[in-house]
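Biologist: I'd like to go through the charged pairs and the core here. Can you start with how you count a pair?

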Amino acid sequence: MSFISSTSSLVEKVWWRGACGVTLYQDLVKEGGFESHSGSRYPRNEGWHRVDFEPRSRFADIFGKSSVMVNSYHHQGVRLPGKGCEIKGKSEDGVPEAIEVMNHPFALAVQWHPEMMFDSEEQVKLLAAFGDAAKKF
């Protein structure tokens with residue numbers, strides 16, 4: 001099974017919480033003391049904040065570098081990644097933005113919307129990696 005998720009839909013939140021035990025900040029600003037990640041003042045296809053990846057993570061491999069600019073439109077965020085999951089990328093203010101299910105051929109979650117950044121060569125790499133992984137199954 002291949003899986004990539006921008007963790008904003010209810011179904012995806014239920015899957016990540018149920019399958020992996022991910023716990024969330026219900027409100028990044030109020031509970032976590034983070035900056036707002038709603039991004040409503042930016043065009044949806046424009047990266048407006050940076051995500052830094054762990055070295056040798058699947059994300060660093062896919063993008064071929066240690067950070068990318070992303071869009072974000074969320075007020076919730078991962079507090080604890082849950083069983084078998086690891087945080088592999090964080091925003092500049094420390095919000096987990098990229099999660100990988102370890103010991104799985106391809107299960108990733110991001111807090112941004114790569115599908116909205118269709119004109120970004122960087123984000124197309126993530127979508128292409130998902131497509132390539134899906135072809136193997």
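Modeller: A salt bridge here is a side-chain nitrogen of Lys or Arg within 4 Å of a carboxyl oxygen of Asp or Glu. Keep in mind that the model is predicted.

Biologist: How many salt bridges does that rule give?

Modeller: The count comes to 6. In one of them, glutamate 100 pairs with arginine 58, and their closest N and O atoms are 3.7 Å apart.

Biologist: Which parts does that pair tie together?

Modeller: Glutamate 100 is in strand 7 (residues 96-101) and arginine 58 is in helix 3, so the pair links parts 42 residues apart in sequence.

Biologist: Is glutamate 100 buried or exposed?

Modeller: Glutamate 100 is buried, at 8% relative accessible area. Arginine 58 is partly exposed, at 24%.

Biologist: What about glutamate 122, what does its side chain meet?

Modeller: Lysine 65, in a salt bridge of 2.4 Å, N to O. Glutamate 122 belongs to helix 4 and lysine 65 to the loop between helix 3 and strand 4, so this pair joins parts 57 residues apart in sequence. Lysine 65 is partly exposed, with a relative accessible area of 38%.

Biologist: Switching to the core. Which residues have the most contacts inside the largest one?

Modeller: Phe53, Phe59, Phe63, Trp112 and Leu126, in a nonpolar core of 16 residues. Helix 3 gives the most to this core, with 4 residues.

Biologist: And what does phenylalanine 63 contact, sequence neighbours aside?

Modeller: Leaving out neighbours within four places in sequence, phenylalanine 63 is in contact with Phe53, Val68, Trp112, Glu122, Gln123, Lys125 and Leu126. Apart from that core lies another, of 9 residues, including Cys20 and Cys85.

Terms used. Residues are numbered from 1 along each chain as its sequence is written. This is a predicted model: local features need pLDDT of at least 70, side-chain atom pairs count only at pLDDT 80 or more; totals for chains, interfaces and linings use all residues. Side-chain values use heavy atoms; hydrogens and water are left out. A nonpolar core is a set of buried Ala, Val, Leu, Ile, Met, Phe, Trp, Tyr and Cys residues joined through side-chain atoms within 4.5 Å. Buried means under 20% relative accessible area, exposed over 50%, partly exposed in between (1.4 Å probe, protein chains only). Helices (H or I, at least four residues) and strands (E, at least two) are DSSP runs, numbered from the N terminus. Contact means heavy atoms within 4.5 Å.
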